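Work through the exercises below with the structure open. Each task is followed by a solution in steps.

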Amino acid sequence: MKLLKNHHRKIAIRDVVDVTIGDLDRAYAVKKDGTVWYWNTNMKDKETIATQMQGFKDIKQISSAGANAPYLIALDKKGNLWAWGSNSSRQLGFNVTQKLYKPLMINRGPIRLSGEEMTYPREDLVYKTISAADDGALVVTNQNEMLFMGYGAWTVKFASTKEAQDSYKNVTLVETSYQNMYWVSGGKLWAAGYHNDYGQLGFGVNLK
């Protein structure tokens with residue numbers, strides 16, 4: 001395969017350990033030193049300069065998305081959960097302010113589902129992986145429990161069987177995309193969401 005030179009752009013950043021592109025205009029990266037950087041994805045010059053985002057420290061993982069405007073969630077090396085950006089569509093839930101102008105720790109922001117009951121943690125949990133999408137995010141604690149952020153919790157609240165509820169435990173992998181959620185629990189792959197026009201949740205799945 002031949003790489004077209006006019007499609008190649010250089011981003012002036014080194015020592016990157018994680019990267020995310022969750023909206024049309026911005027991309028983000030974490031450097032080895034735990035700092036977070038961003039750049040405009042509408043790149044016209046051969047080299048693009050990345051700018052550091054102030055307020056993030058000792059970060060190891062990031063994930064971003066955009067509904068009305070972009071937002072970013074981040075996980076630091078101690079397992080604390082951080083957020084920045086727009087919550088105008090309540091992607092981060094109702095326990096978080098609508099606009100975060102600087103990074104904010106939100107360890108008690110995710111939603112725990114038990115039957116049809118939705119509760120917020122009463123203690124600071126330790127998290128180990130995250131995944132953000134337009135409608136919300138999935139986060140996993142160091143006890144392998146999956147919690148929800150935003151409208152993703154409402155997606156499964158009223159439709160969950162006991163088996164589905166059990167799948168929120170022993171979670172080893174989560175991924176989100178647009179209005180859909182995917183997770184692995186006990187070696188089984190689970191999916192939920194509203195968008196299956198092209199078989200994203202599997203062919204033969206009827207969401208109506």
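**Exercise 1. Contacts of R90**

Task: In this predicted model, list what R90 touches, leaving out residues up to four places away in sequence.

Solution. 
- Step 1. Locate the residue. R90 lies in the loop between β9 and β10 (99–105).
- Step 2. List its contacts. R90 touches V96, T97, Q98, G150 and Y151.
- Step 3. Take G150 from that list. R90 and G150 are 60 residues apart in sequence, yet their C-alpha atoms are 5.5 Å apart in space.
- Step 4. Classify the accessibility. The relative accessible area of R90 is 16%. Buried means under 20%, so R90 is buried.

**Exercise 2. Aromatic pairs**

Task: How many aromatic pairs are there, and how are the rings of Y28 and W84 arranged?

Solution. 
- Step 1. Count. There are four aromatic pairs when ring centres must lie within 6.5 Å.
- Step 2. Take Y28 and W84. Their centres are 6.4 Å apart, with 65° between the planes. Planes over 60 degrees apart count as edge-to-face, so this pair is edge-to-face.
- Step 3. Y28 lies in strand β3 and W84 in strand β9 (residues 81–86), so the pair ties together parts 56 residues apart in sequence. Y28 and W84 are both buried.
- Step 4. Take F148 and Y168. This pair is also edge-to-face, at 5.2 Å centre to centre and 85° between the planes.
- Step 5. F148 is in strand β15 (residues 146–150), and Y168 is in the loop between α2 (162–166) and β16 (171–177), 20 residues apart.
- Step 6. Check burial. F148 has 0% relative accessibility and counts as buried. Y168 is buried at 4%.
- Step 7. Widen the view. F148, Y168, W183 and W190 form one aromatic cluster.

**Exercise 3. Charges over rings**

Task: Over which rings do R26 and K99 sit?

Solution. 
- Step 1. The charged end of R26 sits over the ring of Y38, 3.8 Å from its centre.
- Step 2. K99 lies over the face of Y101, at 5.8 Å from the ring centre.

**Exercise 4. Positive phi**

Task: What is the phi of D15, and what is the phi of N170?

Solution. 
- Step 1. Recall the background. Most residues other than glycine have a negative phi.
- Step 2. Read D15. Its phi is near 60°, a positive value. D15 is found in the loop between β1 (10–12) and β2. At 48% relative accessibility, D15 is partly exposed.
- Step 3. Read N170. Its phi is near 55°, a positive value. N170 is found in the loop between α2 and β16. At 52% relative accessibility, N170 counts as exposed.

Key. Residues are numbered from 1 along each chain as its sequence is written. This is a predicted model: local features need pLDDT of at least 70, side-chain atom pairs count only at pLDDT 80 or more; totals for chains, interfaces and linings use all residues. Side-chain values use heavy atoms; hydrogens and water are left out. Rings of Phe, Tyr and Trp (its six-membered ring) pair if their centres lie within 6.5 Å; planes under 30 degrees apart count as stacked, over 60 as edge-to-face and the rest as tilted. Helices (H or I, at least four residues) and strands (E, at least two) are DSSP runs, numbered from the N terminus. Buried means under 20% relative accessible area, exposed over 50%, partly exposed in between (1.4 Å probe, protein chains only). A charge sits over a ring if NZ of Lys or CZ of Arg is within 6 Å of the ring centre and within 35 degrees of the ring normal. Contact means heavy atoms within 4.5 Å.
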